[in-house]
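Let's take a walk through this one together. Keep the sequence and the model side by side as you read.

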Amino acid sequence: MAERWWLDDDHRTALSARTAFDVAAWMQSGDGRTLLSSDRQSAAVRWDGEPPLLVKWRAPIPGRKGKTLLRPSRERAEARIMRAAAEHGIPCPAPWAVGERRRLGVLVGAVMIRAYDPDASTAAEAAREEPGVLFDVAYALGRWHKAGFVHGDCYPKNILVGGEAREPRPIGCPKATLGQRLAPLSAPDGVLKDLAQYAVGCAALHSLGDPFAFLTAWGEVHGHADYDALVARITPFYEKILERKAERVRSRPEREPEGPPQPTPLPTGGDVRARMLPIDAL
């Protein structure tokens, strides 16, 4: 098996002090490592220490490995788009390192590492105490869209607020794209999907009453005063997301009778050859 690591050399010493540059080693549990979220093939972990780190890792399940052939992992895709977005003036947490392990071009495991800000929270967490945060994020989202950035998974849980940075920051965005700047009053499908996802997230929080209320803030950035027309364009995407969510909930007892399965880290050891590359080569 072969590994490739893309590394910001400024952080090499801090990272190597934790463990080896080995994808499996970064996946393991242990003292100081706290699971923040997971699904059946990935996890996000806070690793306490100096500095505290956020480690996102993925071990594709058998049925999905074939789709990874010669394709960047979600972790690499997210690190790449975050760096590109930062160059366009969109504040993003800077990735420190990305590692991929492959066998014959198929992804076996991947990891992305960045600094963890203990004083930051997701917009979803913050909105439970202060619903006005959702309007602050909507202003930021309007600026991102105007700059050509489309999040792709634009729920409040995937936007970071507070902490060391003053502005909201996109996270959890491997599907994000950077395209042409958004002209006033123009909203292509990618932007409408972002807004629909954000509205679904707002509805789930029960913080605003009207899940589309944030559009007044987003619209101010674009000079879009016709709230009803904007809601009408977003509603088909919004309803489709809700339908898919309802179907997942309905089918969950059949698909996961014992509850959501936990991801399984790769076993350590074995013959693995690692190649180190600069993070600019992502």
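How far is the sulfur of Cys-173 from the closest cysteine sulfur, and in which residue is that sulfur? The closest one belongs to Cys-92, and at 6.2 Å it is too far away for a bond. Before going on, a word on the ground rules: this is a predicted model, where local features need pLDDT of at least 70, side-chain atom pairs count only at pLDDT 80 or more, and totals for chains, interfaces and linings use all residues. Residues are numbered from 1 along each chain as its sequence is written, and side-chain values use heavy atoms, with hydrogens and water left out.

Back to the cysteines. A disulfide is a covalent bond between the sulfur atoms of two cysteines; here it is called when a pair of cysteine sulfur atoms sits within 2.5 Å. Searching the whole structure turns up zero disulfides. Cys-202 is in none either, as the nearest cysteine sulfur, in Cys-154, is 9.3 Å away. Cys-202 has a relative accessible area of 2%, so it is buried; that word means under 20% relative accessible area, with exposed over 50% and partly exposed in between (1.4 Å probe, protein chains only). Cys-173, at 1% relative accessibility, counts as buried too.

Now for the charges. Side chains of opposite charge can pair when their charged atoms come close. The rule for a salt bridge is a side-chain nitrogen of Lys or Arg within 4 Å of a carboxyl oxygen of Asp or Glu, and it gives a count of 13. Take Asp-22 and Arg-101, whose closest N and O atoms are 3.3 Å apart. (Helices, H or I of at least four residues, and strands, E of at least two, are DSSP runs numbered from the N terminus.) Asp-22 is buried at 18% relative accessibility, and Arg-101 is buried at 2%.

Glu-78 makes another salt bridge, with Lys-56, at 2.9 Å between the closest N and O atoms. This pair links distant parts of the chain, 22 residues apart: Glu-78 is in helix 4 and Lys-56 in strand 4 (residues 53–58). Helix 4 spans residues 74–87 and also holds Glu-75. At 4% relative accessibility, Glu-75 counts as buried. Beyond its neighbours within four places in sequence, Glu-75 has contacts that include Lys-56, Trp-57 and Arg-58, a contact being heavy atoms within 4.5 Å.

Helix 7 (residues 189–205) and helix 9 (residues 227–255) pack with their axes 8 Å apart, at an angle of about 55°. Axes are lines fitted to C-alpha atoms, for helices over the stretch in contact, and angles run from 0 to 180 degrees between N-to-C directions. Helix 7 and helix 9 are therefore oblique to each other; under 35 degrees would be roughly parallel, over 145 roughly antiparallel, 65 to 115 roughly perpendicular, and the rest is oblique. Among the residues making the contact are Leu-192 and Ala-196 of helix 7 and Phe-237 and Ile-241 of helix 9. Helix 8 (residues 215–222) is mostly covered, with six of its eight residues buried. Its buried residues, including Trp-218 and His-222, pack against helix 6 (133–146), helix 7 and helix 9. Gly-223 comes after helix 8, with a positive phi near 65°.
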